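Here is a short report on one protein model. Please keep the sequence and the 3D view open while reading.

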Amino acid sequence: MSENLQNGGAGGLILGIESSCDDSSVAVMDERSFELKFYEKISQEADHAKYGGVVPELAARLHTEALPRILQRVKPYFSELSAVAATNTPGLSVSLIGGVNMAKALALALNLPLIGVNHLIGHVYSLFLGGEARFPMGVLLVSGGHTMVLDIDAAGGIEILATTGDDSFGESFDKIAKMLGLGYPGGALIEELAKGGEPRFELPVPLKGDRRLEYSFSGLKNAVRVQIEKLKEAGELDERAMRDLARCFEDAACAHILDKLQRIFELRRFTRFGVVGGASANLHLRGLLTDLCERAGCEILFAPMKFCSDNAAMIARAAIEKLRKKEFVSPAELEIIPHLNLRSAFE
Ligand code: KG4
Ligand code: ZN
């Protein structure tokens, strides 16, 4: 095996690729200073908007166009690279394959070690883009694919404390936005609409009073669907009603997140708590979590707004940890794993 493949190239830069869903992104980060030397993301949101959600075949085709276009601009850094990394789990298989295959080809062509990154761990490292990671900490991950509360120990070992059995937090915003004909992705659209809304509809806070540490958003989504149908039948689904409904939905979804977290905070004493994932951009949720952490005497950390949603900077940053431990994988062995097995998700 060449020295590069065992120890990493001498250049000191790491190239990260993210293509797990509908964003094609490439980043180049300095492995020692964490300086982001190059960052680009081509989002497919507008292409999927008319379908009200991500269409896998379309996502795959768009990644195939976008990734090589970005790569052209990264070429000047090739001679300084130490390793190449790509998200290989979890995500849409047809999307993951675009980034993973590009990483494999680069690793082979440039004789560099290859690193596979778990997308969820990437989100955790969005908290530490510019510096060393500091664990232990609790983490709330709220994205389009996942809703999870994690307990990360001092050595970086991860325990999943709560997760969702059906829709995720972000996905529920997407589905309500689709019902209201707002477009995709729905998170920011619902948040904006909710700003002018009155809390006049009674919607259930899921699993309220249930001691299970679990999230579930499908019942709330159905309650909103029923309310929309009632309003439509009465000819009352006007802009005012949509605002009020968005407000009530956002309140209930965030109250559900808080309700279970309050219980978790009674069981675990976190000194630091991080909030990551695309939906962590929600300001209402941020406000509630900031209050919760203040009451618990716990420091709260958010990823920068620009890096809450999927991006390759967090993938490059997470890969630096693996580069330090020389956790490399050969191009023949790097597998795409679309679905996480929760028991072994972070092993
Ligand atoms: O992390 P991310 O970019 O992709 C996944 O890994 O899934 O998260 C995207 C999700 C979408 O469901 C989007 O609607 C949601 O994050 N989101 C929000 C907000 N901004 C994005 N949800 C609620 N409020 C927001 N402001
Ligand atoms: Zn994500």
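Helices and strands here are DSSP runs, numbered from the N terminus; a strand needs at least two residues. The model is a predicted one.

## Leucine 141 in β6

Start with strand β6, which covers residues 137-142 and holds leucine 141. Is leucine 141 buried or exposed? The cut-off for buried is under 20% relative accessible area. Leucine 141 has a relative accessible area of 0%, so it is buried.

Which residues does leucine 141 touch, leaving aside those up to four places away in sequence? They are Leu120, His123, His146, Thr147, Met148, Val276 and Gly277. Glycine 278 is 137 residues from leucine 141 along the chain, yet their C-alpha atoms are separated by 8.6 Å.

## The zinc site

His123, one of the residues touched by leucine 141, is also a donor to the zinc ion (ligand 2).

Where do histidine 119 and aspartate 310 sit in the fold? Histidine 119 is in helix α5 (residues 119-125). Aspartate 310 is in the loop between β10 (299-302) and α11 (312-324). The pair therefore ties together parts that are 191 residues apart in sequence. Histidine 119 and aspartate 310 are both buried.

## Aromatic pairs

How many aromatic pairs does the structure hold? The count is twelve. One of them joins phenylalanine 169 and phenylalanine 217. Their ring centres are 5.8 Å apart and their planes meet at 70°. Planes over 60 degrees apart count as edge-to-face, so this pair is edge-to-face. Phenylalanine 169 belongs to helix α6 (residues 169-179). Phenylalanine 217 is in the loop between α7 (187-194) and α8 (218-233). The pair thus links parts that are 48 residues apart in sequence. Both phenylalanine 169 and phenylalanine 217 are buried.

Phenylalanine 265 and phenylalanine 273 make another edge-to-face pair. Here the centre-to-centre distance is 5.1 Å, with 70° between the planes. Phenylalanine 265 and phenylalanine 273 are buried too. There is also a cluster: ring pairs link Phe169, Phe173, Tyr215, Phe217 and Phe249.

Two packed helices are described by the angle between their axes and the distance between the axes. Take α6 and helix α9 (residues 239-267). They pack at about 170°, with their axes 11 Å apart. Angles over 145 degrees count as roughly antiparallel, so α6 and α9 are roughly antiparallel. The crossing of α6 past α9 is right-handed. From α6, Phe169, Ser172, Phe173 and Ile176 take part in the contact. From α9 come Phe249, Glu250, Ala253, Cys254 and Ile257.

Now turn to α7 and α9. Their angle is about 115° and their axes are 7 Å apart. That makes α7 roughly perpendicular to α9. The crossing of α7 past α9 is left-handed. On the α7 side are Ile190, Glu191, Glu192, Leu193 and Ala194. On the α9 side are Met242, Arg243, Ala246, Arg247, Phe249 and Glu250. Phe249 and Glu250 in α9 also meet α6.

## Backbone exceptions

Most residues other than glycine have a negative phi, and most peptide bonds are trans. Some places in this model depart from that. The bond between threonine 89 and proline 90 is cis, with omega about -25°. Proline 90 is in the loop between β4 (81-89) and α4 (93-110). Phenylalanine 135 and proline 136 are also joined by a cis peptide bond, with omega about 10°. Proline 136 falls in the loop between α5 and β6.

Asparagine 111 has a positive phi of about 55°. Asparagine 111 is in the loop between α4 and β5 (114-118). Its relative accessibility is 32%, so asparagine 111 counts as partly exposed. Leucine 207 also has a positive phi, near 55°. Leucine 207 is in the loop between α7 and α8. With 22% relative accessibility, leucine 207 counts as partly exposed.

Definitions and conventions: Residues numbered from 1 in each chain as written. Chains lettered and ligands numbered in written order. Predicted model: local features only at pLDDT ≥ 70, side-chain atom pairs only at ≥ 80, totals over all residues. Heavy atoms only, no water. Donors = N, O, S within 2.8 Å, 3.2 Å for Na, K, Ca; no water. Helix = DSSP H or I, 4+ residues; strand = E, 2+ residues; numbered from the N terminus. Buried < 20%, exposed > 50% of the residue type's maximum accessible area, 1.4 Å probe, protein only. Phe/Tyr/Trp six-rings, centres within 6.5 Å; stacked < 30°, edge-to-face > 60°. Axes fitted to C-alpha atoms, helices over the stretch in contact; angles between N-to-C directions. Parallel < 35°, antiparallel > 145°, perpendicular 65-115°, else oblique. Left-handed = near helix turned anticlockwise from the far one by under 90°. Contact = heavy atoms within 4.5 Å.
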